[in-house]
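This briefing sets out the fold and packing of one protein chain. Please consult the sequence and the coordinates shown here alongside the points that follow.

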Amino acid sequence: MPADAEGLRTHPIQELFWTRTGLLLLILLVVSGTSMWTSSGLDPGTAKNLLAALGTGTMVSAVVGFGQTLITATAAQRAMVTPVIEESRRALRELSAEYRALNQEFFPTHVFEATTDPDPTFNALMMRDLRDTRQFCFRGFSGRHAAVRLLHSHAEWEVRAVVADPRERTAISGRARHLVRNAGVDADYEGIQATLHEETRIGLVGLYLARARCSVIDVTVIADPPLDRLELFDDSVWITLYSDVAGVASLYPRTLRFSEGSFIYSMERADFARLRGARDAGRFQITPDTTRAEFLAHFERVTGTALTEKRFRELEAKFHAFRHDFSAKAELEA
């Protein structure tokens with residue numbers, strides 16, 4: 001409650017002692033008491049009667065005046081002070097509601113700082129959001145982590161994935177620069193690029209292996225994906241800030257979670273739809289009924305590289321190795 005409104009909340013009797021009316025009543029009481037005390041020491045006569053009458057009259061006037069002033073002060077407080085207090089309370093409630101709305105609109109519900117190892121708390125909360133959603137939208141580099149999460153859950157989703165086009169250099173360069181900053185002066189840029197190209201292929205194979213968990217996996221590959229990773233659920237959106245240079249020393253960058261209904265949620269959903277609708281994007285779908293031969297055809301069309309059976313098994317083995325390592329560190333199997 002505002003301080004000035006709090007100061008207005010005083011008792012009428014208290015106000016009475018801090019006004020000129022209170023001073024007048026005090027004088028009347030003093031005059032009455034003095035007159036009665038003086039008359040008690042006089043002999044019967046005119047002087048004694050006058051002083052007694054004066055004392056009695058002033059006493060009656062003081063009592064009546066006190067009562068009238070108290071009634072007037074109470075009525076004035078009810079008519080003027082109480083409405084001010086109630087208005088202050090209402091304004092404070094409205095201000096608090098506005099701040100809560102702003103917090104929901106623009107501020108994240110959770111902030112996870114950059115780490116060098118997977119955070120079990122982070123992954124437990126994300127797995128809960130994944131379990132409670134019907135549509136899972138992913139925008140990232142390779143989709144490996146998304147495929148692992150799908151394999152560890154027991155629901156069924158419609159999955160929309162936007163990943164980097166392995167044929168385009170610009171699709172790799174942004175993530176490569178992030179890893180170079182992370183690795184320091186001894187980083188092998190060409191080696192990192194080769195590793196990233198391999199990760200995109202592993203991610204596509206991983207999404208194929210997770211097809212039985214989904215009603216459909218709609219994959220879009222784009223030449224210049226945003227650097228930040230996005231995981232969009234029915235009730236929340238997670239943004240992993242690979243663009244945050246303050247976290248380059250950590251393998252897992254800072255991540256923010258926003259609730260559904262926030263400005264960030266609506267903005268990211270609209271941007272995700274824009275990327276999926278790009279004219280130059282490559283697209284294909286994976287369903288539980290997609291055969292390996294059909295996937296190999298999709299893979300060749302998207303990557304520009306034919307995938308033999310032997311090469312498929314190599315990528316499958318690498319994905320499972322990544323899955324075991326990541327699952328153990330993130331405690332996804334618990």
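**Briefing: helix packing, sheet and a buried leucine**

Arg144, Ala147 and Leu151 of helix α6 meet Glu199, Ile202, Gly203, Gly206, Leu207 and Leu209 of helix α8. By class, the residues of this contact between α6 and α8 divide into five nonpolar, two polar and two charged. The model is a predicted one. Its chain has 334 residues, of which 40% are buried, and its secondary structure comes to 11 helices and eight strands.

**Packing of α6 with α8**

- The axes of α6 and α8 come within 8 Å and cross at roughly 20 degrees.
- Since angles under 35 degrees count as roughly parallel, this crossing makes α6 roughly parallel to α8.
- The crossing in which α6 passes α8 is left-handed.

**Packing of α8 with α10**

- Helix α8 comprises residues 189-209, and its axis comes within 11 Å of that of α10, the two crossing at roughly 150 degrees.
- That angle makes α8 roughly antiparallel to α10, because angles over 145 degrees fall in that class.
- The crossing of α8 with α10 is right-handed.
- On the α8 side, the residues that take part are Arg201, Leu204, Val205 and Tyr208, which meet Arg292, Phe295, Phe299 and Thr303 of α10.
- The contact of α8 with α10 has five nonpolar residues, one polar residue and two charged residues.

**The sheet**

- An open sheet is formed by eight strands, with mixed pairing, in the order β1-β7-β6-β5-β2-β3-β4-β8.
- The edge positions belong to β1 (110-112) and β8 (282-286); each has a single partner strand, so one side of each is left without a neighbour in the sheet.
- From one strand to the next, the twist averages 10 degrees.
- β1 runs antiparallel to β7 (residues 255-259), and three bridges join the two strands.
- Phe112 has Thr255 in β7 as its bridge partner.

**Helices across the sheet**

- Apart from neighbours within four places in sequence, the residues in contact with Leu150 are Leu130, Phe136, Trp157, Val159, Ala210, Arg213 and Cys214.
- Leu150 and Gly206 are 56 residues apart along the chain, and their C-alpha atoms are separated by 9.7 Å.
- Gly206 is also one of the α8 residues that meet α6.

**Contacts across the chain**

- Of the contacts in the chain with a separation of 6 or more, 71% are accounted for by residues 24 or more positions apart.

Note on methods: Residues are numbered from 1 along each chain as its sequence is written. This is a predicted model: local features need pLDDT of at least 70, side-chain atom pairs count only at pLDDT 80 or more; totals for chains, interfaces and linings use all residues. Side-chain values use heavy atoms; hydrogens and water are left out. Two strands pair if DSSP finds at least two bridges between them. Helices (H or I, at least four residues) and strands (E, at least two) are DSSP runs, numbered from the N terminus. Axes are lines fitted to C-alpha atoms, for helices over the stretch in contact, and angles run from 0 to 180 degrees between N-to-C directions. Contact means heavy atoms within 4.5 Å. Angles under 35 degrees count as roughly parallel, over 145 as roughly antiparallel, 65 to 115 as roughly perpendicular and the rest as oblique. A crossing is left-handed if the near helix is turned anticlockwise from the far one by less than a right angle, and right-handed if clockwise. Ala, Val, Leu, Ile, Met, Phe, Trp, Tyr, Cys and Pro count as nonpolar, Asp, Glu, Lys and Arg as charged, and the others, Gly among them, as polar. Buried means under 20% relative accessible area, exposed over 50%, partly exposed in between (1.4 Å probe, protein chains only).
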